[in-house]
Amino acid sequence: MLVLEAQAAFFAARRPRKDSPHTTDAYRRDLAGITALLTDAPERLEVDELTAPALRTAFGAFADDHAKSSVLRAWSTWNQFLTFCVSDGLLAGNPMGAVARPKTPPLSPKPLRGEDTPERLLKSAADGDRRARDPWPERDLLVIALGLVAGLRSAEMRTLTTDSLAGRPGEMRLHVHGKGSRDRSIPVEPIMERIIEAYADSCERRFPSRRTSRSTKLLLNRTGDPIGRGGLEYLVKSCYRWAGLHDRVPVGANLHALRHTFATRLAEDGATASEIMALLGHASLATSQNYIEATGRERRAATASNRTYQTLDKVLDP
């Protein structure tokens, strides 16, 4: 069988998994990128030509101009694809075991630096400090709050609809369509209800003739269309800059730093790994545990239990 035919069958077999469009696009890029390095004529490449030596050479070339994380992701994609080929009887064995892969980098939370940074950022957004061609402080505040008090990812913010907030007054919950189709429900306090209501009112003033339904996207750009990924990232980056906090954002984090700040504060205030996992929609408990370990709360408690501290107390305060 041709490799391109096998790849098409691979995606057909994954359809019941309900992968997100973003995940599917990433898989397609990874398969196409390596396939292009295996041959100059991908349309004629046969599955039985996917040997360990050929794949090692292709991945070596791929690694020369790609980051470690990209190589690791491509390795995982090809491992899944070739496992599928083995299960469908297209290959006798999976050759990826003979292809080196980078070590998984340790996961390290990247919250905003500075104890008062979240509060300053929220106040700046609410005060309309961000200078833009068409200022919209109600939207700026909502976006920042969705990251800091709900821990939403960029894609999760963009999939929110007008009926994502539901429940009785004072007991509202935000229903989120999460990564890997892991939906979750996040309790929100009344102040968050007021922020969303103020934003909805601002939308009605800006777009009086706009019709909405239950499936209408919540976050809009200045023309009234659903905000895009780039627009959302730019909005958050601008909020940092106009608040004078851009130097407190970890490199490469941007919007995701809001989510990491949310999780880190949960851990600092005593939330368990399972609670963090439920609120952030993590697939693995180990990922949630990273936030607890990063705060050092457990290590501080263990250190404080050292009996020598009691001696120090007596020495300094007899």
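**View A. Helix α8 and the second largest pocket.** Helix α8 (residues 190-206) supplies 6 residues, the largest share of the lining of the second largest pocket. The model is predicted: local features need pLDDT of at least 70 and side-chain atom pairs count only at pLDDT 80 or more, while totals for chains, interfaces and linings use all residues. Residues are numbered from 1 along each chain as its sequence is written, and side-chain values use heavy atoms, with hydrogens and water left out. The volume of this pocket is about 330 Å³. Of its 17 lining residues, T162, A200, C203, T212 and L218 are the closest to its centre. The lining divides by class into 9 nonpolar, 4 polar and 4 charged residues. (Pocket: on a 1 Å grid over the protein atoms alone, an open set of points where a 1.4 Å probe fits, with protein on both sides within 12 Å along at least five of seven lines; lining residues have an atom within 4 Å of a point. Volume: the space filled by probe spheres set on the points. Nonpolar: Ala, Val, Leu, Ile, Met, Phe, Trp, Tyr, Cys and Pro; charged: Asp, Glu, Lys and Arg; polar: the others, Gly among them.)

**View B. Packing of helix α1 with helix α2.** Helices (DSSP runs of H or I, at least four residues) are numbered from the N terminus. α1 (residues 3-14) and α2 (residues 21-38) pack at about 165° with axes 12 Å apart; axes are lines fitted to C-alpha atoms over the stretch in contact, and angles run from 0 to 180 degrees between N-to-C directions. The two helices are therefore roughly antiparallel (over 145 degrees). On the α1 side, V3, Q7, F10, F11 and R14 make the contact, and on the α2 side T24, Y27, R28, L31 and T35 (contact: heavy atoms within 4.5 Å). This contact has 5 nonpolar, 3 polar and 2 charged residues.

**View C. Packing of helix α3 with helix α4.** The angle between α3 (residues 52-64) and α4 (residues 68-87) is about 155°, and their axes lie 10 Å apart. That makes α3 roughly antiparallel to α4. L55, F59, F62 and A63 of α3 meet S70, V71, A74, W75, W78 and L82 of α4. By class, 9 of these residues are nonpolar, 1 is polar and none is charged.

**View D. Packing of helix α6 with helix α10.** α6 (residues 137-148) and α10 (residues 255-268) have axes 7 Å apart, at an angle of about 45°. V143, I144, G147 and L148 of α6 contact L258, R259, T261 and F262 of α10. The contact residues comprise 5 nonpolar, 2 polar and 1 charged.

Technical notes. Parallel < 35°, antiparallel > 145°, perpendicular 65-115°, else oblique.
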